[in-house]
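Please keep the sequence and the 3D view open while reading.

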Amino acid sequence: MALSTSIRYWLFISTFGFIMLGSIGPRYASIAFGSLLIAIYTMLGAHESENIWFQPLMLLSGAAWYYLVSMVWHIFWPMQPVQQSLSTVFLELGNYLDSKRELFHPVTELVPQPLRITEAKRNASTVQALNQCKSTLLNRSKRGHIDGASDRFLNIYFLAQDIHERVSSSHYRYQELASYFQHSDILFRFKHLLETQAAACREIADAIRLGKEYQHQGTSISALDELQTSLHFLKDQQNPQWRLPLVQLEFLFNNLATVEKQLSNVSNPDAEKLEERVLDDTEAHTLSAMWQRVKSNLNKDSILFRHAIRMSIALTLGYAIIQFFNIERGYWILLTTLFVCQPNYSATKQKLTARVLGTIAGLLVGVPLLTFFPSQESQLVFIVLSGVLFFAFRINNYGFATAFITLLVLFCFNQLGEGYAVILPRLTDTLIGCILAVMAVVYILPDWQSKRLHRVMADAIDTNKLYLARLLANTALVKKTT
């Protein structure tokens, strides 16, 4: 009993410490999550090992083997992570351009709010992809300075950054544009240009991912020329009511013309090579800077602090349930809680839905497969296939990843003669873990986003102010030097 109490105490402390470690940066957040995952497996399997160090050494050996295979893979394909992340950036840019073009309907009764929400979500996805790509490039840099093979991809990254900045700029009130030009083809032409540029972004993504040379097609160039002709025609009408809207359309045209230029430069990214090819490295590199980041999050207003408290209590309570009811494979409860419990309710709800549906789907598919393929040899094929598909979907689709890992678990246990025996425990433990995660988010220092909206808006305005001030400072510096 004393040992169990001691374990619960250290589980709470270590969980809190690992999660707060993530305040240093994304890399440390990944290390913290991986450490928690390994700790749960080690703690719950320790009683089955004759030697207390046996299971930790086996887990570390597996991690070392994965590291060795990864290093060999990177020797043959060293730039693949950069290519994949940069390809994702252009895929997201293509989706973002598509959401923009939907706003250019020449209909006066257009309700833009749902379209703007979609646009905002895709903008957030694009920013996330840009940040991930930046992180990948920083991992191959020396304090932000990139040389060698990554240099070309860095220039393409800056092109993508500029394209996003121009596409995300405010255009105009679309209902007013529709009322002014409902009898003109100008809005259709803007829409067509955005559509062709979105297609170009997807072609760039495919070329980068496959390591091919991108050749810019003339479709979007023709669309740009035709749009310019239509714009000149409207200006020649000398309609006084169109004076201000035409200024806005001309500004938008210049923006998209620059986007077109940047898209064509992807095949030759060194055409506009920057003098200072340096990424802003915001990582903490000293112990003092790391401690300052952790210290700044040690308060109840910090989202990370709240998440650390919730996760620590949820995992400790989950372990207590395992001990009290003597659940044989109770580690699924802790693993489910670890994966499902997120910093806010919305993200937790999404993870919960995906986890439950994925588990049920995996069990429903796995039971017939166990019946129709009873031989161990055939099941080894499903083990390999399920493992590959799990890693393929673990980032992009958590529901599919859960279904395939459930299949993997069933087939692995069936190799020990316990395939059917784990079906009910797997489902029950998953549901218990989900309930713990939801209860933690709802009742332990709840962080409802609606109550934080005014702070988020204030932070956004302050950040935009600093961004515009930096732009003005850079513009003044350029004028002074020239």
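Which residues in α15 meet which residues in α16?

## Basis of the model

This is a predicted model, in which local features need pLDDT of at least 70 and side-chain atom pairs count only at pLDDT 80 or more, while totals for chains, interfaces and linings use all residues. Residues are numbered from 1 along each chain as its sequence is written, and side-chain values use heavy atoms, with hydrogens and water left out.

## Helices α15 and α16

In α15, the residues Gln 376, Gln 379, Leu 380, Phe 382, Ile 383, Ser 386, Gly 387, Leu 389, Phe 390 and Phe 393 meet Tyr 398, Phe 400, Ala 401, Phe 404, Ile 405, Leu 407, Leu 408, Phe 411, Cys 412, Asn 414 and Gln 415 in α16, where contact means heavy atoms within 4.5 Å. This contact of α15 with α16 divides into 15 nonpolar, 6 polar and no charged residues; Ala, Val, Leu, Ile, Met, Phe, Trp, Tyr, Cys and Pro count as nonpolar, Asp, Glu, Lys and Arg as charged, and the others, Gly among them, as polar.

Helix α15 (residues 376-393) and helix α16 (residues 398-415) pack at an angle of about 155 degrees, with their axes 8 Å apart; axes are lines fitted to C-alpha atoms, for helices over the stretch in contact, and angles run from 0 to 180 degrees between N-to-C directions. That makes α15 roughly antiparallel to α16, since angles over 145 degrees count as roughly antiparallel, under 35 as roughly parallel, 65 to 115 as roughly perpendicular and the rest as oblique.

## Helices α14 and α16

Helix α14 (residues 345-372) packs against α16 at an angle of about 40 degrees, with the axes 7 Å apart. The pair is therefore described as oblique, and the contact of α14 with α16 has 12 nonpolar, 8 polar and 2 charged residues.

## Helices α8 and α10

Between helix α8 (residues 186-210) and helix α10 (residues 243-265) the packing angle is about 20 degrees, and the axes are 11 Å apart. That makes α8 roughly parallel to α10. Their contact has 13 nonpolar, 1 polar and 1 charged residues, including Phe 190 and Leu 194 in α8 and Leu 252 and Phe 253 in α10.

## The end of α12

Helix α12 (residues 303-325) has 23 residues, and is followed by Asn 326, whose phi is positive, near 55 degrees. Helices here are DSSP runs (H or I, at least four residues), numbered from the N terminus.

Notes. Helix = DSSP H or I, 4+ residues; strand = E, 2+ residues; numbered from the N terminus. Expected span 1.5 Å × (residues − 1).
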